[in-house]
Amino acid sequence: MPTRTEGNAPPDGRVVWADVAKGACIVLVVLWHVVVKDYLRIDWRVGLPVPGAWGLLGEQLLPLRMPLFFAISGVFAANAVARPWRVSGRPRIARNLYLYAVWLLIHTVLLAPAPGFPTDRATDPGELLAQLTVTPSNLWYLYALALYFAIAKALRRVHPAVLLTAAGALSAVAATGLLDSPGNRGQVYQNLVFFLAGVHLRPYLTRWADGASTRRLVGTGAAYAIGLAVMAFAGAQRWPGVYLLVSVLAVAFGLTAAARLARHRVAGPALARLGRRTLGVYVIHMPVLALLDRLLAAPVAGLAGPARALLVTVYPVLLTALVLALSLAAHRGLTALGAYWLFDLPRRRAHSNPEGETMSRIDVPALPDRTHVEEAARVLSGRVVRTPVLHSPAIDRLAGTRVLLKAENLQDGGSYKMRGAMLAVGRLAAAGHTGVVAQSTGNHAVAVALAARRHGVAATVVLPVDAAPVKVDRARAAGARVVRAGTTVEERLAVARRIAEVEGHPLVDAYDHPDVVAGQGSASLELIEEAARRGTPLDALVVPVGGGGGIAGACLAAAGTPIQVYGVEPVGCDSLARSLAAGRPTPVAPAPSLADGLRPGCVGDLPFAVARTAVRGVVRVDDDAIVEAFRLLLLDLKVLVEPSGAAALAGALRLGEMARPSGGGTEARPSDGGRQLTVGVVLTGGNVEADLVARLAGDRMTVGVAA
């Protein structure tokens, strides 16, 4: 059987559903607010019970909306709960409390001119203080997320059964109305159990969603409807435990419906995209709705005849769509203007040190998360190439699964390193820096040189004395000053630090940098999105590992989804595999390998902190396997990839072999319910010497080490 670091068979029967569920929930939240805060307040003067029907529908969805939202939020937070407080506290607790406070103040100001709009707002300092502390406002979701994560983190060693029982009891008692719950405090009490369920029952929720079927959808929908009927006709809503039970049935139905919607070619990708942008909609939509209520309510009420009869039926849908569109547009506009502080904690200044580094190799910086990858993708849109995703039936047959290949060898600079470099250098340039320093085996240096030229800053790159000439030439052609130093990362880093100290320029690390990790992750995010768009969502994602920036970015891009992420390392250059086994970054003396870009002596601190709980396994490949993959790509797809990039395909093929009975692993399942499994592979670069191409492509050759 494969060990953890050798990788397991790709997971069976997976569908992408978490983002779809979040997207559906935010639509329902906005629809509910449209109905109760605008639609039902209009005097429609029609002899039809349509307004009442809309109000009744909204009430029947109350047990579904926020319980499902918090269950999905718990699923997304599950990995972070196991991380140290100093790593997870800032993005999960401080960030949400900060956003709650900022947007509470913004809402207080923006809603003050609309006193008739029915929503909680502070009218004096005492009320504002209460909303900031113990009586959350309509932004209570952010308040609850911070509180819930702190509870989950503090009590992570308590048995889940005990924890869920206690939280369930709190929810049941709160639903009876016996607890004092001004503002939205009652919602905070009732939904803790669903967040904790997402954290502790993530594997079970994933399997439930993976097994979604029409029969299960009908069954859970019927159970939910029966529960609603019992509450309505028997007056059982305030009976202890009844509302909680109906909410559990609603979440089961919601997960199933989300899984089914994720398979829809149109609705699935649309809801998934919306689900990745819920924060902007959540914090912006209430002021937008208040403005539209003020502008539209009177004219709509003045309509007569058939126009009124038609509008009374479709008005909630139209206004919901308009609020969503305007909220998303406002979010895009604010971020385009640089107002990132409205949606995230302001970035901490790097610790001052003589090297001028932006990161430390001793203290792990605050970990980025999936939102940072999504933000990176937005910033980089139009600035880097959205590389194609390739497919080959011949490769599928060899792998035993569908393989989708992200051709980052076609990226500017010849590798996906351009993504992280453009993001990091762009932000440094915007902050007023006039130059940057970088070190790498080649691709990162080329990318930093190109990014520096585009942003009008100077670049100095430190390369090993045995760097591939094509990479040296490309860095110089981009205008960078090239310094050759040593053969190890430690030697290059020492020289780069001295240069940074003398010239006063920041060091853009090749992988121990949150912007680099997030930028690299945008390649995996694009691959995930493209696979979903094609109707073949990824079951696994395979990325080659050098210093770990790419694998860390892939883990963040796949966070909250059932996608299993695998790393690939050359035999003898397996720092990540050894680090996972040891529980800490573990250096190795890199063995000779064709994959020169995968030979750092140790995986970075930041990438390891991200990958340690998110990577499913690491596959080791030798040079023969890399050559085989290189030839396959060149001859079958006519794609030229450097050995470091070809290692990813070699790893995917090796993963398939290990999954077969003859490979000593678990039995492979190339299809499930008629759906072929899909593996995504990131071909990270294409900077390769012409003479090496000739040697690798030849019919007969003796594998040697690249110069």
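Predicted model: local features only at pLDDT ≥ 70, side-chain atom pairs only at ≥ 80, totals over all residues.
Student: How many bridges join strand 3 to strand 4?

Tutor: There are 5 bridges between strand 3 and strand 4.

Student: What about strand 4 and strand 5, over how many bridges do they pair?

Tutor: Strand 4 (residues 458-463) pairs with strand 5 over 4 bridges, in the parallel sense. On that side, V461 has V482 of strand 5 as its bridge partner.

Student: Is strand 4 mostly covered or mostly open?

Tutor: Mostly covered: 5 of the 6 residues in strand 4 are buried.

Student: Change of topic. How many salt bridges does a search of the whole structure find?

Tutor: The search finds 18 salt bridges.

Student: Take D344. Which residue does D344 form a salt bridge with?

Tutor: D344 forms a salt bridge with R95, and the closest N and O atoms are 3.0 Å apart.

Student: Where do D344 and R95 lie?

Tutor: D344 is in the loop between helix 14 (306-336) and helix 15 (370-380), while R95 is in helix 4 (residues 85-111).

Student: Is D344 buried or exposed?

Tutor: D344 is buried, with a relative accessible area of 13%. R95 also counts as buried, at 10% relative accessibility.

Student: Now R370. Which side chain does R370 meet in a salt bridge?

Tutor: The side chain of E374, at 3.4 Å from N to O. R370 and E374 both lie in helix 15, 4 residues apart, which is about one turn of the helix.

Student: Why does R370 count as buried?

Tutor: Because its relative accessibility is 7%, and buried means under 20%. E374 counts as buried too, at 9%.

Student: And R427, what does R427 form a salt bridge with?

Tutor: R427 forms a salt bridge with D515, with 2.7 Å between the closest N and O atoms. R427 lies in helix 17 (residues 417-430) and D515 in helix 21 (residues 514-533), so the pair ties together parts that are 88 residues apart in sequence.

Student: Is D515 buried or exposed?

Tutor: D515 counts as buried, at 6% relative accessibility. R427 counts as partly exposed, at 22%.

Student: Which residues are linked in a network of salt bridges?

Tutor: The network links R386, K406, E408, R419, E526 and E529.

Student: On to the backbone. What is phi of R45 near?

Tutor: Phi of R45 is near 50 degrees, a positive value in a residue other than glycine. Most residues other than glycine have a negative phi.

Student: Where is the place of R45?

Tutor: R45 is in the loop between helix 1 (18-37) and helix 2 (50-60). R45 counts as exposed, at 56% relative accessibility.

Student: And K638, what is phi of K638 near?

Tutor: Phi of K638 is near 60 degrees, again a positive value in a residue other than glycine. K638 sits in the loop between helix 25 (623-636) and helix 26 (643-659), and at 63% relative accessibility K638 counts as exposed.

Student: Last topic, the surface. Which residues make the nonpolar surface patch?

Tutor: V173, L178 and L179 make a nonpolar patch of about 270 Å².

Student: Where does L178 lie?

Tutor: In the loop between helix 7 (160-175) and helix 8 (185-200). L178 counts as exposed, at 70% relative accessibility.

Terms used. Residues numbered from 1 in each chain as written. Heavy atoms only, no water. Patch = residues over 30% accessible without salt bridge, like charges linked within 9 Å, V, L, I, M, F, W, Y side chains within 5 Å. Areas by Shrake-Rupley, 256 points an atom, 1.4 Å probe, with all protein chains shown as cover. Salt bridge = Lys/Arg side-chain N within 4 Å of Asp/Glu carboxyl O. Helix = DSSP H or I, 4+ residues; strand = E, 2+ residues; numbered from the N terminus. Buried < 20%, exposed > 50% of the residue type's maximum accessible area, 1.4 Å probe, protein only. Pairing = 2+ DSSP bridges.
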